[in-house]
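This report goes through salt bridges, a surface patch, chain-level figures and model confidence. The structure is shown below.

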Amino acid sequence: MSRPPADTAPRPAGVVHSRRRAGVPTHRRPGGTAWRARRKAAGRAYELLCLAATCVGILVLLVLLADILRRGLPTLTWEFISSFPSRFPQQAGIKAALVGSLWLLALTALFAVPTGIAAGVWLEEYARRTWLSRVIEVNIANLAGVPSIIYGLLGLGLFVRTLQLQRSLLAGALTMALLVLPIIIISTREAIRAVPRSQREGAYALGATRSQVVWGIVLPAALPGMLTGIILALSRAIGETAPLITIGALTFIAFLPTSPLDPFTVLPIQIFNWVSRPQPAFHAIAASGIIVLLVVLLSMNALAIYLRDRARRKLQW
Amino acid sequence: MVSHPDEATRGATLSRRVAGTLVGLLVVAAACAPAAPQPSTAAQPAPAQQPAARPAEAPQEAAKRAAQQPAKPGADLRQISGTVKIDGSSTVFPISEAMAEEFQKATGGKVRVTVGISGTGGGFKKFCSNETDVSDASRPILQAEIDACKKNGISYVELPVAFDGLSVVVSPRNTFVDCMKVSELKKMWEPAAQGKVTKWNQIRAEWPDRKFNLFGAGADSGTFDYFTDAINGKEKASRGDFIASEDDNVLVQGVANDADALGYFGYAYYVENPGRLKLAKIDAEKGGGCVAPSAETIASGTYQPLSRPIFIYVKLSALERPEVREFVRFYLNPQNAGTLIKQVGYIPFPERLYQLGLRRLEAKQAGTVFAGKTTLGVKLDDLFVKTPS
């Protein structure tokens, strides 16, 4: 931000100083109108800068999308979606990876969502501000920043080896659940905190118990915010590769998992495998795989926005 | 904390706007859909025509596939069921994947074969902790891995399955590099060259006074291990100031776009990009002269020292299970190996070596013939003639 040159000179403390902070009328300043014009120009420049920053993101996204669509659409056929991987790119398909990703998503949600919401409710509604709750809070905040490969190593040691789950969907989903749990807890807490105090107090005044307040007042009001957090968390889970490679999700698999204890593969691993092959035809179907992954992600987000809008419309404060 | 009633509506408009953007993107996608396939409308109805990069192969594939069908030993493959777990080297992966695909078809889908990629080292870790039945390896088992397997009571049969060649390539715009001596490559790549050897004329006096740019495999790959061992005489000993990537496609791109580039990677990656790259012949300086890598020179072992055998290791106890035993027999069947290995870009052994492998399999000869050493300079028949220990 530009300032008039006079401002840079040190000023004595006192009246002048405090007047400057409160915003001195500009006509009192040296160089009156010129200064005002410059200030306006700076403001306009700042606005344009912000607009440009916004456009960069969207432009990059559009270029990426256009590139992927151009490469991947010709090979994106029903056969591609309904076939197992193959050494022949024209026969290879994404079925095992797509079904594996959906299985993983469902199981991860099953573990992470109830646990995350319950933890958020406890921390916001029940926990007293003791050292224990503070330690837990700090730890959850830190866990949200731990690199995903670390969760993979934890999953490998705990679920795959110690608990003998092998490289199953269950081991993958539990690892992913750990990975996204902090995100769900944090967004649940923020959503709960945004529920007005007056609502709770009104319910208490009518004689509701704490659990009645949580179930009847707080959770419905916090639902839109919680849904956003959950979908963000699950979107992360479906795009993650590193922890799954670490726990040993497989690359070639030509059957569908029938139970949580079956081996599996997921979309990002299959895409990565195709991209790193020498044959250009595999690169094309990798692009088709990316489109499938994008469609899954975008439809999840669209569903989330729809649900959130519906939940919001029901709220009447 | 304070929430105004209009916050909800504001939020709703915002999210509606976001939804609008998403719909917009989908519309863009939809608009692209009819437009994009146009340049390749011919390719769409007949997916078999897609791999234009391999025009010679496409029409033959069907015939080849038909030819390889009789290889299954008849009805008894359809009787077995179970799971075969494979993991290990990404170099061997395409071969194991092809075998898994065909074997599963031959058993009518009753045997489930899974193939993972965790690198040769990562694969042995899982293999020696009894988590897999078969381990893919682009180098022989190392002493530390032999010990780990022994500790857990895992015995294994070592089976070389195919050849892989490393190709040294330059840009097609490079007119002076034709044949390179191993000593010249060493001068270029050895650790002592870092920062000092940077120009072509430092390698050979008549080459131009220009800087060269090096592209090579990343330090975690078996390709890096093998190249450094073969050229610099010590595994993992390499200069560090080159462009490294675990993804060979990145290296292809880099060398193709740079007139002063030199790089090395798997021969299969050269085969897919012959117009964009120029092969350097290699002179091993052992009297053989300059040899370019090709299916013949790699298979006959005359392309030295950059051709190497790759392996599978099979757990002895898993061979008791019919699905594993039949799978490995299927893998080594000379007819299967001959067609499938060629299809995925590797060079199969001559038939008699697969017969030797099958013999070793049936005799359940456990152990390795390398005793923790590398494959460098090993004669082909040595892979089988020596008794493993």
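E201(A) and R197(A) both belong to helix α9 of chain A, which spans residues 197-205. Because the two residues are 4 apart in that helix, about one helical turn separates them. In this predicted model, their side chains form a salt bridge, with the closest N and O atoms 3.1 Å apart. E201(A) has a relative accessibility of 43% and therefore counts as partly exposed.

E124(A) pairs with R193(A) in another salt bridge, where the closest N and O atoms are 3.2 Å apart.

E124(A) is buried, at a relative accessible area of 17%, whereas R193(A) is partly exposed, at 40%. Both residues also take part in a network of salt bridges that links E124(A), R129(A), E137(A), R189(A) and R193(A).

## A salt bridge between the chains

Over all chains, the whole structure contains 34 salt bridges. One of these is formed by the side chains of E101(B) and R87(A), at 3.3 Å from N to O. E101(B) lies in helix α3 of chain B (residues 93-106), while R87(A) lies in the loop of chain A between α4 (78-81) and α5 (95-126), so this pair joins two chains.

Are these two residues buried or exposed? E101(B) counts as buried because its relative accessibility is 7%, under the cut-off of 20%. R87(A) counts as buried as well, with a relative accessibility of 3%.

## A nonpolar surface patch on chain A

V56(A), V60(A) and L64(A) make up a nonpolar patch on the surface. Together these three residues have about 270 Å² of accessible area. L64(A) is located in helix α3 of chain A, which covers residues 32-72.

## Chain B overall

Chain B has 389 residues, of which 51% are buried. Its secondary structure consists of 15 helices and 13 strands. Taking the contacts in chain B between residues at least 6 apart in sequence, 74% join residues at least 24 apart.

Strand β7 of chain B (residues 243-245) contains S245(B). With a relative accessible area of 12%, S245(B) is buried.

Which residues is S245(B) in contact with, leaving aside its neighbours within four places in sequence? They are G216(B), A217(B), G218(B), V250(B) and L251(B).

## Confidence in the model

The model has an ipTM of 0.71 and a pTM of 0.73. For chain B, the average pLDDT is 78, and 76% of the residues score at least 70. Residues 1-75 of chain B have a pLDDT below 50. Beyond near neighbours in sequence, this stretch has 79 contacts in the model.

Conventions:
Residues are numbered from 1 along each chain as its sequence is written. Chains are lettered from A and ligands numbered from 1 in the order in which they are written. This is a predicted model: local features need pLDDT of at least 70, side-chain atom pairs count only at pLDDT 80 or more; totals for chains, interfaces and linings use all residues. Side-chain values use heavy atoms; hydrogens and water are left out. Patches are made of residues with over 30% relative accessible area and no salt bridge: like charges are joined within 9 Å, nonpolar side chains (Val, Leu, Ile, Met, Phe, Trp, Tyr) within 5 Å. Accessible areas come from the Shrake-Rupley method with a 1.4 Å probe; for residues, only the protein chains shown count as cover. A salt bridge is a side-chain nitrogen of Lys or Arg within 4 Å of a carboxyl oxygen of Asp or Glu. Buried means under 20% relative accessible area, exposed over 50%, partly exposed in between (1.4 Å probe, protein chains only). Contact means heavy atoms within 4.5 Å. pLDDT is the predictor's confidence in each residue, from 0 to 100.
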